[in-house]
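Thanks, everyone. I have one model to go through, and I will keep it short.

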Amino acid sequence: MASTVAPHARSAEPSTGSYEHAAGWAAIASAALGLLYAVAFLVLKSATLSALALMLGALASTVVLVALRARVATIAPLAAQWALLVAGLGALGAMAHGGFDLANALHPPAASNPDLPNAVDPRGLLTFGLSGLGTLVFAMLLLRDGRTPRALAWLGVLSAILSIGLYVGRLVVLNPANPLIALPALAEGFVVSPLWYVWLGVVLMRR
């Protein structure tokens with residue numbers, strides 16, 4: 001008896017699986033670039049390298065965000081769509097921030113005021129604020145996904161809280177050497193965020 005399943009229905013699962021596999025590698029790349037950004041920004045003090053890492057890492061994260069939205073869409077479709085929109089805006093803002101810094105690092109302007117916030121991403125509103133908020137919603141939805149380890153979802157919650165805290169800290173305290181900013185930045189940049197993306201990449205690559 002001939003199959004009555006439409007061709008597009010038969011191909012949907014392999015296509016999704018292939019994308020999730022690619023998104024898994026993108027998540028690992030995003031983790032590596034995020035760690036490179038932290039090292040370049042906090043340790044090496046290299047404006048060029050940190051800007052390039054921020055820009056490319058944000059680009060890689062957009063691939064991951066689409067896979068996350070597909071993974072939790074059946075749990076809460078509208079919340080998943082909103083999380084993709086907010087986190088996607090955060091990633092695009094981080095790309096613009098990195099591109100702005102890279103342009104200035106390669107061709108320094110004749111005069112600039114380093115105390116002025118970035119016009120595109122003031123005090124990390126997009127890079128840390130919106131990205132953290134989107135990650136928080138995704139992580140809360142992953143807690144309801146039976147395929148995702150709960151520890152991974154809680155790690156995403158922690159990463160989101162640290163990221164949002166960094167934005168609030170930079171907005172209120174301003175001084176990056178202040179422990180209220182430095183400690184969360186070290187924890188998020190060197191440990192929590194890279195671990196979240198690497199573990200997420202491994203989970204996404206599983207069929």
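I will take the surface patch, then the aromatic pairs, then the cavity.

This is a predicted model, so local features need pLDDT of at least 70 and side-chain atom pairs count only at pLDDT 80 or more, while totals for chains, interfaces and linings use all residues. Residues are numbered from 1 along each chain as its sequence is written, and side-chain values use heavy atoms, with hydrogens and water left out.

First, the patch. Phe41, Leu42, Val43, Leu44, Leu183 and Leu186 make up a nonpolar patch on the surface, together about 570 Å² of accessible area. Helix 1 (7-44) and helix 6 (179-205) are the elements that give two or more residues to this patch. Helix 1 gives the largest share, four residues. For the terms: a nonpolar patch joins side chains of Val, Leu, Ile, Met, Phe, Trp or Tyr within 5 Å, from residues with over 30% relative accessible area and no salt bridge. A salt bridge is a side-chain nitrogen of Lys or Arg within 4 Å of a carboxyl oxygen of Asp or Glu. Areas are Shrake-Rupley with a 1.4 Å probe, and for residues only the protein chains shown count as cover. Helices are DSSP runs of H or I, at least four residues, numbered from the N terminus.

Leu42 sits in helix 1 and is partly exposed at 31% relative accessible area. Here buried means under 20%, exposed over 50%, and partly exposed in between, with a 1.4 Å probe and protein chains only.

Next, how many aromatic pairs does a search of the whole structure find? It finds two. Tyr37 and Phe41 are stacked, 5.6 Å centre to centre with 20° between the planes. They are four residues apart in helix 1, so about one helical turn separates them. Phe41 is partly exposed, at 46%. The other pair, Trp196 and Tyr197, is edge-to-face, at 6.5 Å and 65°. Trp196 is buried at 2%, and Tyr197 is buried at 14%. The cut-offs are ring centres within 6.5 Å, using the six-membered ring for Trp; planes under 30 degrees apart are stacked, over 60 edge-to-face, and the rest tilted.

Last, the cavity. A cavity is a set of points on a 1 Å grid over the protein atoms alone where a 1.4 Å probe fits but cannot get out, and lining residues have an atom within 4 Å of a point. Trp196 and Tyr197 are among its lining residues, including also Val64, Thr135 and Phe138.

Key: Patch = residues over 30% accessible without salt bridge, like charges linked within 9 Å, V, L, I, M, F, W, Y side chains within 5 Å. 1 Å grid on protein atoms, 1.4 Å probe; cavity = no way out; pocket = protein on both sides within 12 Å on 5 of 7 lines; lining within 4 Å.
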